[in-house]
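Q: I am new to reading protein models. Could you walk me through this one, feature by feature?

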Amino acid sequence: MARPSKLAGRARDEALEALKAAGWTHDAGADTISRSFRFKDFSAAFGWMTRAALAAEKLDHHPDWSNVYNRVEVSLTTHDVKGLTELDVKLAEAMDAAL
Ligand SMILES: C[C@H](O)[C@H](O)[C@H]1CNC2=NC(N)=NC(=O)C2=N1
């Protein structure tokens, strides 16, 4: 996949606005988006992680995440460019769709 470029300008503003409306938080310093997901139990959490992992592999774009029982903390950024790209938006959308 071609190296994605950092989101900028209006496309970036619009993407961040939509993500915030969906429950994601933007950390401007680190230029990451993050969201905390809570499930009924570990099995539900891990089932979702499995679906999200398959979506990540398809995109060749991977989350920084951690799981404790029924909670999954997700942080997304594009390490190759040290900032947010379209791939982070796509992975966030895929994670929301996998709920
Ligand atoms: C070679 C491979 O495509 C790259 O290392 C990809 C893999 N997954 C990735 N995931 C994330 N979050 N950021 C990256 O820069 C990245 N790079």
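A: Let's start with overall size: a compact globule of 99 residues would have a radius of gyration near 13 Å, and the protein agrees because its own value is 13 Å. That radius is taken over C-alpha atoms, and the globule rule is 2.2 Å times the number of residues to the power 0.38. Keep in mind that this is a predicted model, where local features need pLDDT of at least 70, side-chain atom pairs count only at pLDDT 80 or more, and totals for chains, interfaces and linings use all residues. Residues are numbered from 1 along each chain as its sequence is written.

Q: Which pattern does the protein follow along the sequence?

A: Helices (H or I, at least four residues) and strands (E, at least two) are DSSP runs, numbered from the N terminus. Here the order is α-β-β-α-β-β-α, with 3 helices and 4 strands.

Q: Does G83 count as buried, exposed or partly exposed?

A: We look at other C-beta atoms, placed from the backbone, within 10 Å of a residue's own: 20 or more means buried, 12 or fewer exposed, and in between partly exposed. G83 has 18 such neighbours, so G83 is partly exposed. This residue sits in the loop between β4 (71-76) and α3 (86-97). Across the protein, 24% of the 99 residues are buried.

Q: Which residues is G83 in contact with, leaving aside neighbours within four places in sequence?

A: A contact means two C-beta atoms, placed from the backbone, within 7 Å. For G83, the partners are K6, D31, T77 and T78.
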